[in-house]
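Before reading the points below, please take a moment to look over the sequence and the structure together.

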Amino acid sequence: MTDATHDTTARGKPGPMLAADGTPLKRSLARALRMQKIRALLLIAPLLLFVLVTFIAPIADMLFRSVENDIVANTLPDTVEELASWDGASGETPSEAVYQALYFDLFIAAEAKEHTKLGTRLNYEQTGISSLFRSTGRNLDDLGKDYQKTLKKIDKSWDDGAFWYALMSGEGGEEVLESHRLQYMQLIGQSPRSIISRFWCVIRGIFYKACPTALEDIDLNFTPSAEAAQMLPATVAAYSDFAVFTVLADGDVVAEEDPWEAVYAAFAQDLNAPGTVEKIQSYSGPGQAELLAVTENLADLPAPDFKTTFLDIDKDWGKIENWQTIKIYSPKYTSGYFLNSVDLMKTPEGIDARPENQRIYLKLFKRTLFMSLVITGSCILLGYPVAWILANLPARKANLLMILVLLPFWTSLLVRTSAWKIMLQQQGVINDTLVWLGLVADGNRLVMINNQFGTIVAMTHILLPFMILPMYSVMQTIPPTYLRAAKSLGATNWTAFWRVYFPQTVPGIGAGSILVFILSIGYYITPEIVGGTTGTFISNRIAYHISSSLNWGLAAALGTILLGVVLLLYWAYDRIVGIDNVKLG
Amino acid sequence: MSDIVLTDTFKKPLGFHVAVAAAAGAFAGIFVGAAQGSSLLGIVVGALLLGALSFLAIEVLGRSAEKAVRWGILALFALGGFLFGGLPGLVMGLLFGWFFGWFIYWIGFNRYRAKLVPYLTSGQVLWYYAFRVICGAIFVFLITPILVVMPLSFNAQDFFTFTPEMLRFDPAGYSLKHYRDFFTNSDWQQALKNSVLIAPVATLLSVGFGTLAAIGLSQPHVPFRRAIMAILISPMIVPLIISAAGMYFFYSRIGLQGTYIGVVLAHAALGIPFVIITVTATLVGFDNSLTRAAANMGADPVTTFFRVQMPLILPGVISGALFAFITSFDEVVVVLFVGSAGQKTLPWQMFIGLREQISPTILAVATILVVISIGLLTVVEMLRRRSERLRGMSPG
């Protein structure tokens, strides 16, 4: 430092100030600051990473699930593609091509038992679809079986898995096979492992146990022949589905298994396609003789009529509404869950209100807001006098009374809820006391539980400390001399309170109210136990959709809306009070 | 308790104290009468009795015989109560007798004004006491549920209300069988074991990470301080049902749903905000020149941390740990979704008990938990005082 000052004076012009080691002071300071910042961040980093993984990622996952809708596209990939050209408003059922795609999509889905999941999903939007998918899944075999019998009559080897394997395999058809493997993985809800999950698997392998081999890494021991694929495209596609499923799901060897009925149906379709016969006649490879024998008996193998097949299985496949539902919910992302959570729905004509008897969520949101407001209001009413008396009593007495506030605060939530349950019951303590006092006849005891009253009383009690504590800390800072000054200037008791004292306590009321409101709006346990059917909140509905109805998308959408409301309130809380002022006890 | 008398005490006029006492008697008479069958009779008898007693005590016997008169009233009410209602009646009688004995003299000799400034009007005095009664009622509301649970847990019957035997203080009406059930039933023991297993590990995780981060956050130059703080505090703000839903979705994706690790991680995340808040609050008063002084004397950062900084912020760390522990120990929503039957904790078992097969063992567990929370409350309060003393603030 001294050297630096000496330098500048000696040269007579201002140069950069230098630190002890000769670097300019500015740079030296910046480096020290940077080091400090890095050290602070290094201290924070582990926790930040921990919270990001254990908490923020789950919340993000929930937000994602509220719009995610890839089950339709994953289960019926080709059908969705074909449906794109169908006009839902035309009043006609889709073309034969759609039914054909549906047959093959649904066949592998039914084998993997995934079609019922799709049925359940679509059933949220259109009742009846679930049973439609289930019954169809059972009856898809019939179509192929007929062809199988006919082919067997022509030549025994058509009934032999090894023969089919020889006919289908060759080289050059990897692309077809891999695309079907990918489709199957999407069907069962798996995607190829990313670098991150491969890394995670390595870690898991070290500490816990190794991950099972990724589906995309399993060797299928089968390569479709490009020649066969060119000659019999549908058959090779169906056989690839069969091969992928045989290895990945059943763990069997493709060559030893007899192909699915769907392969026979595809074969019949290929045979009747224009140009196939010519291609077979110029084909020379395994199964050449058998193929030629089939071409001679083509009359016994008419082209399959997929549409009629479906209509025979269930006439609901001719209903436009079902196809409209499938088409509306075929994109990978949907606003459908959000519309559902505000009692709207998607129709081919656009967004429309739900039928009267299905509108429950807006009512539930309104009830949640209303009851949270009532609870907040009663907490203010009950908390204000208590906070006032705690702030104005001598310290020793106030500390003693504070225990009465803090003890419930520290007591387990379930203890308090169970206490209210046994107190409010019809055979509970309060009713018994009232009956004993003769205020209520034994025959008509008060119904105080399993309704809104029970929820409001129990939650007011549970959340009251959260109102009292912030109010108390604000009131403690108000000098009592202000009130005395107001009174000595001629104000009445009421005026002095209302014009002088009360305005100063508003920050405390605001802080407590927002805190109580935020807490009550997302409460689950207490309404679940004492709320019955009329006293439940939106959170109970979310829990119901997660654990009972399994409509996770709707649960996620409802949760996202609730989260939005809470974050908005929290933002307001931050503006009014500041996060740093959150105090405990 | 100060004994300063602001306003002189003097004998009130006859009409005033007799009327007030009679009104109080009538009010008590409503309930006693209703319980015995006729509230009207209760009102009349109560009013006459208290009016007469007040006249006798204040006008005839006066201040000199106060002690004797109050004992007399106590005996009279106790006897009356015993004749009407046996043992519970005796207890009620004693309470009423003590209260009215005090009340008559309190009213009769203007003692209620003794601690108030003399210029208050009657209306203001009335409001002063009415306000106190209201506050008292709210305190009763706050504490009753907890007080009701405790005696009921000793119920010999499987009822959730006071049986006649209990009210008669008959030893046969009380038993420890619900406690015995808690300590022998395998479901409850498994739940207790899980709770005791999960909560400490979760606490350890949140305290370990949380303390480090709080120290980092308290440095003077932290980039993105507000954003980081918001992220770290968020588990406290997001409603539990939403955290539970998100964790359920995400943890089942990565195979942690239904495992101990999953539940521990979830609970640790929920406990972190409490640790951050308490430890940063302790660090606000921390004098940074202490660490510089330690470094100056040749201590390396690790030694400085453990020998200088840690002892000073320890109270904050421990109370943060207690908050984190109780969060995990009390938590039911998240464990309900993230855990499976193997991770059933104590609150979960209570929740099932309350929702489905309601059993009085819950009350025994509740009482045990209340006792534990009283213990924790005491510890936190002691720590708070110690922390304030250490930082040179006046004990509150």
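Accessible areas come from the Shrake-Rupley method with a 1.4 Å probe. On that basis chain A has an accessible surface of about 27800 Å², and 60% of this surface belongs to carbon and sulfur atoms. Please keep in mind that the model is predicted.

**Overall form of chain A**
- Chain A has 29 helices and 2 strands. Its radius of gyration is 36 Å, well over the 25 Å that the globule rule gives for 585 residues, so chain A is more spread out than a compact globule.
- Taken along the principal axes, the box filled by the C-alpha atoms of chain A is roughly 115 × 105 × 50 Å.

**Burial, contacts and charge in chain A**
- Of the 585 residues in chain A, 48% are buried.
- Among contacts in chain A between residues at least 6 apart in sequence, 71% join residues that are at least 24 apart.
- Chain A carries 47 positive and 56 negative side chains, and 23 Å lie between the centres of the two sets.

**Helix H7 of chain A**
- Helix H7 of chain A covers residues 129–139, and its buried residues include Ile129(A), Leu132(A), Phe133(A) and Thr136(A).
- The buried residues of H7(A) pack against helices H5 (96–111), H6 (115–123), H17 (306–313) and H18 (320–328) of chain A.

**Domains of chain B**
- The domain assignment of chain B gives domain 1 (14–119), domain 2 (153–181) and domain 3 (185–390).
- Taken over C-alpha atoms, the centres of domain 1 and domain 2 of chain B are separated by 33 Å.

Conventions:
Residues numbered from 1 in each chain as written. Chains lettered and ligands numbered in written order. Predicted model: local features only at pLDDT ≥ 70, side-chain atom pairs only at ≥ 80, totals over all residues. Heavy atoms only, no water. Domains from an automatic or database assignment. Helix = DSSP H or I, 4+ residues; strand = E, 2+ residues; numbered from the N terminus. Rg over C-alpha atoms; globule rule 2.2 N^0.38 Å. Buried < 20%, exposed > 50% of the residue type's maximum accessible area, 1.4 Å probe, protein only. Contact = heavy atoms within 4.5 Å. Lys, Arg positive; Asp, Glu negative; His and termini not counted. Charge placed at Lys NZ, Arg CZ, Asp CG, Glu CD.
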